[in-house]
Amino acid sequence: MRFIIILLCLVAGFATAQEYPAKSVRLIAAAAPGGNPDVLARMLAARLAETFGKPFVVENIPGAGGVVAAEQVARANPDGHVLMLGDSGALAINPALNSKLTYSPLRDFTLITALAAVPTVLVSPPSVPATTLAEFVAAAKSKPGAMTYGSAGNGSVHHLTMAVFASRAGIDMLHVPYKGGSALVAALLGGEVQAGWSGIPNVLPLIEAGQLRVLCISTPQRSKSVPDVPTAIELGISGFDYATMMGLQTSAGASRELVARLQGAVAKALREPDMVDRMATLGMDLRENGTADYVQFMRDDIERYRSAIKTFKLQIN
């Protein structure tokens, strides 16, 4: 009898997955319109709609670094009709920063697949007398606590990346938080701060125009977007690996068959040449994989940021 019940459940799950989607699908982008998560969500939604024959409607829910969107998805029915394109902010940084979150990234979500890593680059204005990372570190060491760096806000990936970098490089710099990446770039151009980590699209035209100087990239591999920019690891900052990972999630309890169908459709979409080219233009590196790899990455990502937050004594609540 027990075997029959299990078999019936499996058959029911398979049938549900085969019928998916039964209606339009909400693809929640945990970000404001216009940013990388929004652009990727809309490109992906168009291709998933072609594959499944039903609308995939992108809904932007910004707020609290992705927390508002994540809370909605965590409460949704696990039938795959509510998906989220979430990143390390909602699923790794905020859970480590905020002890009062209502969700757990590993308990309350089905992690379907990673999509893309978004590295940052360390930039400084030409007024800083350093053309290489070694010269920059030497300048900072010569004036402990005097040089400043900006970020997109307290607890942002930009803040944590520089905090870890400064620790590994043995330098002491003053942190100046701003309200978002655009404000950070404006501060760099205005000479308000002497360095900062930024997403590549925000600063690439400024680097090419000579208005900002790029020193290194935050990931272990160079990016196709800026292939001539060396990694921090190449330049002596061992083990340095900080990037925002974007992935696809739904609420906990989604069937294996449903997840497998979504993984297959996403993998096909992300390998299309126009998607690859567009992602490279936006400074995103393809990282599509299966659930097991994504779950392990997420465990590592949570620990990476938790360790940094504990080391530098950052906390919201």
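I start with α11, where Y294, M298, D301, I302, Y305, A308 and I309 are buried, buried being under 20% relative accessible area, exposed over 50% and partly exposed in between, with a 1.4 Å probe and protein chains only. Seen down the axis of α11, these buried residues fall within an arc of 135 degrees, so they line one face of the helix; the arc is that of the directions from the helix axis to the C-beta atoms. In general, an α-helix has 3.6 residues a turn, so residues three or four places apart point the same way.

A word on the source: this is a predicted model, in which local features need pLDDT of at least 70 and side-chain atom pairs count only at pLDDT 80 or more, while totals for chains, interfaces and linings use all residues. Residues are numbered from 1 along each chain as its sequence is written, and side-chain values use heavy atoms, with hydrogens and water left out.

Back to α11. On its other side, A292, D293 and K310 are exposed. The buried residues of α11 pack against α4, β4, α6 and β9, where contact means heavy atoms within 4.5 Å. Helices (H or I, at least four residues) and strands (E, at least two) are DSSP runs, numbered from the N terminus. The 21 residues of α11, 291-311, should span 30 Å at 1.5 Å a residue, and the end C-alpha atoms are 30 Å apart, which agrees. The expected span is 1.5 Å times one less than the number of residues. After α11 comes K313, with a positive phi near 55 degrees.

Next, α6, one of the elements that α11 packs against. Of its 13 residues, 11 are buried, so α6 is largely enclosed by the rest of the structure. Among the buried ones are V157, H158 and F165. Just after α6, G170 has a positive phi of about 75 degrees.

Helix α9, residues 256-270, reaches 21 Å between its first and last C-alpha, close to the 21 Å expected for 15 residues. Its buried residues include L258, L262, Q263 and L270.

P21 sits in the loop between α1 (2-19) and β1 (25-29).

Now the pockets. On a 1 Å grid over the protein atoms alone, a pocket is an open set of points with protein on both sides within 12 Å along at least five of seven lines, and lining residues have an atom within 4 Å of a point. Grid points are joined across faces, edges and corners, and a volume is the space filled by probe spheres set on the points.

The largest pocket holds about 1100 Å³. Its lining has 42 residues, with D87, A152, V157, H158 and T244 nearest the centre. Elements giving two or more residues include α4 (88-97), β4 (109-124), α6 (157-169) and β9 (243-251). α4 gives the most, five residues.

By class, that lining has 18 nonpolar, 22 polar and two charged residues. Ala, Val, Leu, Ile, Met, Phe, Trp, Tyr, Cys and Pro count as nonpolar, Asp, Glu, Lys and Arg as charged, and the others, Gly among them, as polar.

The second largest pocket holds about 180 Å³. Its lining divides into five nonpolar, three polar and four charged residues, and α10 gives the most, three.

Technical notes
On a 1 Å grid over the protein atoms alone, a cavity is a set of points where a 1.4 Å probe fits but cannot get out, and a pocket is an open set with protein on both sides within 12 Å along at least five of seven lines; lining residues have an atom within 4 Å of a point.
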